[in-house]
Amino acid sequence: MRIPMHRFQYTKLTKDQIATKLKTAEGGPKSASPFSNVLNGKTLKIVTNDGPTLEYRFAANKRLTLTEGGKQVTAGYGELTLNQRVFFSHLIPGEQKGYNVFIDQKTNLATVFEVWTSSGIKQGAGANEFTLDDREVQRQIYFGYVDSGKAAPEKLHHYTNRMTGKGIHWTQDTGIETLELYASVANTNFVELTRHIDDLSYVSTSDYVLADDRTVIYNRTECEFSGIHTCFVADLYSVKQVGVRFGFNDKDELEYYMFKGDGEVVGQLAYLENFDDHGIRPMFAPAPRPAPVGGPAPAPVLPAKGARTTYRPVRTFAHMTDEEVHHAAIQRTSVFGVVTGTGAGAAQPAPPQGLGTGNNLPFSDILVGKEFTLRFDNGGPVRDYRIKEMFKLQYRDRSDNVWHDADYRAYEGDDNLAWFGHMIADSKPRASVQVAVDFTNGLATSIESHMGTPYYGNETSYRAIFGVAEMAGPSSLEAPLYVRHQLTDELVGHAFSWSYSDQTTSMHIYSSPHSMSWVIFTGAQALGAEWCSPCVYVKLRPGVYIFCQNEEACNGAQMIELLNTKASHDCGFTYNGGARGVSLGVTGAIGRHIGKFDIVGLYGPKRRNA
Amino acid sequence: MNILRRSFIWKMGLGASGALAATAALGVSNEDASTTDNPALRAALLEEEKALRKLHQAFEHAMDKGLHEEVIGMFAADIEGTEGAEVVFNGGIFKSRSHGVSRLYRDRFPAGKTGRRMEPAPGFELTADQQRDSVEVLPDLRSAKAVFPYSIQVGIPFETETSLAAMARLHGEGVRTWWEGGVYRVHYRKDVAGHWKISRLEYDMLSRADYRSGKSYAQPISVSRFATRFPADPQGPDDLI
């Protein structure tokens with residue numbers, strides 16, 4: 001797959017189309033590995049908490065009969081075992097639902113996933129209300145046990161945070177390789193190493209269930225993408241999995257197969273909850289209802305069936321054309337809080353900073369008094385700078401030879417390394433540059449940013465260009481001929497929390513050479529909501545990098561940061577535009593190194609079809 | 001119960017016929033009512049004070065647990081010809097139970113996760129004097145004033161369209177919170193059914209700090225007072241002070 005999942009236009013399959021496709025799978029899932037046969041001839045009654053009671057009779061040829069709520073159906077099923085666990089999966093003929101069931105044959109504990117499509121679930125409110133795509137597989141998890149006539153067990157399987165921060169590279173019996181970074185209690189950051197050609201990482205909503213100290217039951221659903229569902233049980237001692245994949249792929253084909261897989265743990269990030277917090281409550285569960293004064297505590301309100309913590313940013317991201325955005329920019333452009341423009345809104349104060357800036361680095365006077373030329377490679381721009389004061393500069397692009405005044409902000413990101421940004425005058429589409437100038441080594445990198453992508457006028461585009469800095473006078477620079485800053489994968493696998501202010505922290509996972517994800521902490525410092533974007537990394541010096549991302553198909557905003565991993569600090573700029581105009585702002589944060597996945601070796605050009 | 005913290009106001013001529021009826025029912029003449037010597041009145045006042053303290057406990061509990069509808073129900077209903085209930089908070093006045101007061105407790109406080117009880121920020125504790133409460137029941141037994149200390153979390157949602165804020169909202173975050181300590185200055189009156197209701201509540205903020213439970217230190221914080229009235233601010237006050 002070449003088109004990134006967040007750009008791919010997945011077909012809005014109808015309920016009828018889905019029903020037709022599911023009919024072909026009523027005989028049960030396929031499997032590259034031979035099915036196991038431990039259930040043949042058995043009858044099981046599975047009792048679940050707050051869920052169904054499922055009475056199964058398993059016959060030969062992978063056929064089962066299920067009695068649920070007095071209704072009896074017969075269907076094909078698939079079955080695989082992992083240690084003492086048996087996992088089986090089947091659909092309910094004629095209905096757009098099925099069950100994935102995990103049974104521990106020693107303890108008789110069971111976890112049941114009810115899965116279904118064409119949910120009709122509505123989310124959002126008012127003008128932002130929308131219905132989930134019919135193709136998006138829903139799931140509801142029930143914890144229970146196999147009724148053996150004895151007393152019900154006191155402890156069932158339960159949600160967990162024990163997988164948080166772990167990364168596993170899985171290779172399935174299908175040949176499919178995935179890298180899964182379980183950085184949140186409610187999401188997975190994953191990379192399709194064989195299905196996709198660009199090794200971009202994506203995020204899907206997930207659940208983590210602890211079966212015992214070595215065994216975890218897991219699922220993820222690729223919401224806002226294909227909607228496909230992957231569910232497995234993993235033994236963390238042997239790092240093996242058995243599971244099922246159910247849903248519709250980018251070609252709208254039904255994938256319903258079981259798999260076995262072998263994994264390798266690629267690292268572990270720290271998770272920052274209190275040590276007595278075991279993640280037993282899922283993130284989507286509502287708080288228990290408080291007791292009225294003097295009265296008994298009412299029962300907690302159960303979350304709606306299928307509830308999960310899923311970020312769906314594009315649902316509320318209004319599309320704007322390039323012209324609309326440029327018109328808005330003429331009306332109102334905010335540069336470091338100073339608003340200009342011809343629209344009524346220009347008289348209003350600038351909107352608050354997109355991100356908190358309380359922990360930003362202070363601005364620097366490193367450029368004051370300097371005149372220099374930045375000459376970028378391969379026919380790139382040549383720009384002259386004259387800077388006499390802290391926040392105002394003059395620049396001239398040799399292509400038009402006209403000097404322009406511009407507001408700027410600069411940081412000293414490392415010794416004698418300037419990092420500054422400003423708008424490009426009279427640009428259409430509106431453009432800005434974020435420039436690193438190494439006054440020790442005579443090197444320069446510019447992130448050339450402008451409004452608009454092929455998809456949205458209100459997204460930003462960026463590219464990194466490399467070149468040299470030339471400066472005459474007593475501090476003259478001798479620019480190198482060959483040495484340059486360069487794109488790098490040195491950050492890949494690392495995770496940092498970035499605290500922009502004391503109340504705004506996000507963890508970045510630099511999950512592949514061209515992409516990253518970010519995770520938001522809950523009040524209890526559990527890692528919760530997560531999303532992802534492509535990005536670039538540039539190495540300026542050892543331990544000093546530029547990281548740039550645009551939140552594509554999200555809110556279109558760009559973050560351009562200089563990361564100094566020696567000081568665990570970043571500083572930089574935000575650039576974004578929309579109906580309220582265009583804004584170039586500043587941002588910066590205090591970092592903590594949360595850990596590292598050893599994953600760089602999984603990336604890079606591969607021999608395909610060899 | 002600390003008698004010293006309680007004062008009884010014995011000002012007759014307040015005019016309410018209900019007041020006269022109430023004291024008359026206790027066999028208290030106007031002269032008697034000017035002192036606390038009448039045992040029946042004294043007992044009645046103590047009962048009313050107890051009821052008011054219980055009401056305030058219920059108020060704090062409801063605030064702490066986010067039971068905002070219960071909180072609203074503790075305010076005096078809007079009745080034609082009477083002054084509606086009001087709340088004074090952060091430089092704004094929220095008027096009438098069904099409008100401003102409801103807006104404050106139904107919309108603004110939940111959005112800002114405001115009202116939850118929390119321990120005082122270290123170094124910002126109220127003084128013993130500031131923590132002293134008092135309940136003053138008028139002799140008509142139908143109106144009262146009280147002062148109670150408070151120590152609560154206050155907050156406002158992040159004013160940003162960033163993904164960070166949107167994602168934080170998915171798990172109930174995305175709110176800038178801080179600690180406030182001060183005193184509630186409360187006026188009560190009885191409704192027609194004889195139940196105490198809050199007719200006016202003022203959050204008299206005395207101290208404010210950037211602090212959350214579990215943090216090892218606190219710093220002073222400055223928070224802007226309300227500057228925009230309702231409806232320009234959909235959650236704003238009806239009037240500014």
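1. In chain A, 54% of the contacts with a separation of 6 or more are between residues 24 or more positions apart. Two residues are in contact if their C-beta atoms, placed from the backbone, lie within 7 Å. In chain B, 61% of the contacts between residues at least 6 apart in sequence join residues at least 24 apart.

2. The structure is a predicted model, in which local features need pLDDT of at least 70 and side-chain atom pairs count only at pLDDT 80 or more, while totals for chains, interfaces and linings use all residues. Residues are numbered from 1 along each chain as its sequence is written, and chains are lettered from A and ligands numbered from 1 in the order in which they are written. The predictor assigns the complex an ipTM of 0.82 and a pTM of 0.87.

3. Chain A contains two helices and 40 strands. Helices (H or I, at least four residues) and strands (E, at least two) are DSSP runs, numbered from the N terminus. Along the principal axes, the C-alpha atoms of chain A fill a box of roughly 90 × 60 × 50 Å. A compact globule of 610 residues would have a radius of gyration near 25 Å, and the 27 Å of chain A agrees with this. The radius is taken over C-alpha atoms, and the globule rule is 2.2 Å times the number of residues to the power 0.38.

4. Of the 610 residues in chain A, 49% are buried.

5. Which strands of chain A close into a barrel? Eight strands do so, in the order 2-3-4-5-6-7-8-11, with antiparallel pairing. Two strands pair if DSSP finds at least two bridges between them. From one strand to the next, the twist averages 30°; axes are lines fitted to C-alpha atoms, for helices over the stretch in contact, and angles run from 0 to 180 degrees between N-to-C directions.

6. Strand 13 (residues 166–172) of chain A is largely enclosed by the rest of the structure, because six of its seven residues are buried. Strand 13 pairs with strand 14 (residues 177–182) of chain A in the antiparallel sense over six bridges, and A:Trp170 stands opposite A:Thr178 in strand 14. Four residues lie between the strands of this hairpin, in which A:Gly175 takes a positive phi near 90°. Strand 13 also pairs in the antiparallel sense with strand 20 (residues 254–268) of chain A, over seven bridges. In that pairing, A:Gly167 stands opposite A:Gly267 of strand 20.

7. The contact between the chains takes 23 residues from chain A and 18 residues from chain B. On the side of chain A that touches chain B, strand 34 (504–512) and strand 36 (527–541) of chain A each supply at least two residues. Strand 36 of chain A gives the most to this side, with three residues. By class, this side of chain A has twelve nonpolar, nine polar and two charged residues. Here Ala, Val, Leu, Ile, Met, Phe, Trp, Tyr, Cys and Pro count as nonpolar, Asp, Glu, Lys and Arg as charged, and the others, Gly among them, as polar.

8. A:Cys532 is found in strand 36 of chain A. Is A:Cys532 buried or exposed? A:Cys532 counts as buried because it has 29 C-beta neighbours inside 10 Å.

9. Chain B has five helices and eight strands, and 37% of its 241 residues are buried. B:Gly91 lies in the loop between strand 1 (86–89) and strand 2 (92–95) of chain B. With 15 C-beta neighbours inside 10 Å, B:Gly91 counts as partly exposed.

10. Chain B averages a pLDDT of 85, and 85% of the residues score at least 70; pLDDT is the predictor's confidence in each residue, from 0 to 100. Over residues 1–20 of chain B the pLDDT is below 50. Where pLDDT is low, the predicted coordinates should not be read in detail.

Conventions: Buried ≥ 20, exposed ≤ 12 C-beta atoms within 10 Å, placed from the backbone.
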